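Have the viewer open as you read.

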Amino acid sequence: MRTEGEIATNTDAAGPWSLVVPLKPLTRAKSRLGRAAGELARPRLALAFAQDTVVAALSCARVRDVVVVTDDAAAGQALTALGARIVPDLPAAGLNAALAYGARSVRALAPAVPVAALNADLPALRAGELARVLEFASAFPRTFLRDAAGIGTTFLSCRAGTELRPAFGGRSAARHLASGAVEIALPGVDSVRRDVDTGEDLEVALALGVGPYTERLGSAVSPAPDR
C-alpha cells in the first residue's frame, strides 16, 4: 500500500482534477444490496464496484489522480494495485468527515488542484461521461450531480481556493443545492449518476454496461428482487 505522501497519477493524461473516493470497510458496505445478492456476494460486489470506479476514473483525461479514503486493508491493497492512493480514515466520523479529510490530504500536496468527491459504487462509469461532468464543473466554484434517483449525490466538486463542504447521505442533493453548489444538469451522463445500492440498481447498471470487475461477479450473481 502506498503511503499518504505518495501520489498515484494517470500518466497517460494531463488532467488537473484529483478525485476523492470514500469506501467503507467491506464488511459493512452495501448492506441493502445484501438482501438481493446475498451476504457472501455483498462485500465482493462492493469491492468490484470500487475497482471499476477507480479504473474508469483514472482512464479519464481530466483526472490526475484518485485518492481512496478507506480503512479496509484488502480493499486498499486491491485499489492501490490499480493506481489509487490510499488515505486512512483518520477522522473515523462518517462519510462527510472522510471526504473532507481526503480533500485536505490532496490540497496538502497540491494546493491549487481542483478536487471532486466521487461515489465508490459507480460500476458502469464511463471516462468520457466523467470528463464532461468535470469540464462543466471547471466553470464554477462548487458543483454537484444528482444520483439516478434524483435525491442523493454521486459527485461534488470544488475548484482551487474553495472548500468541498460535503453533505452526502439521504437527501443530499437538496442540501448541496442549498449550500450554493451549482447543479450539473447535463444529459447523457447516466453512468456518473448510476450508483448501486439495491438489486434493482445493480440490474440497471448491468444493463448500462459495467466494468470488468463487476461484470465478472455480475455474471455469477443474479440479484433477487428487493423486498
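Predicted model: local features only at pLDDT ≥ 70, side-chain atom pairs only at ≥ 80, totals over all residues.

## Strand 2 and its neighbours

Trp 17 has Val 63 as its bridge partner in strand 2. Further along, Val 21 sits opposite Val 68 of strand 2. Strand 1 (residues 17-22) and strand 2 run parallel and share six bridges; two strands count as paired if DSSP finds at least two bridges between them. Strands here are DSSP runs (E, at least two residues) and helices likewise (H or I, at least four), numbered from the N terminus.

Strand 2 also pairs in parallel with strand 3 (residues 85-87), through three bridges. Here Val 67 faces Arg 85 in strand 3.

Zooming out, seven strands make up an open, mixed sheet ordered 3-2-1-4-6-5-7. Strand 3 and strand 7 (182-183) are its edges, each pairing on one side only.

## What's buried

Six of the seven residues of strand 2 (residues 63-69) are buried, so the rest of the structure largely encloses this strand. Buried means under 20% relative accessible area (1.4 Å probe, protein chains only). Cys 60 is buried too, at 1%, and Cys 158 comes in at 0%. There are zero disulfides (cysteine sulfur pairs within 2.5 Å).

Residues are numbered from 1 along each chain as its sequence is written, and side-chain values use heavy atoms, leaving out hydrogens and water.

How values were computed
Buried < 20%, exposed > 50% of the residue type's maximum accessible area, 1.4 Å probe, protein only.
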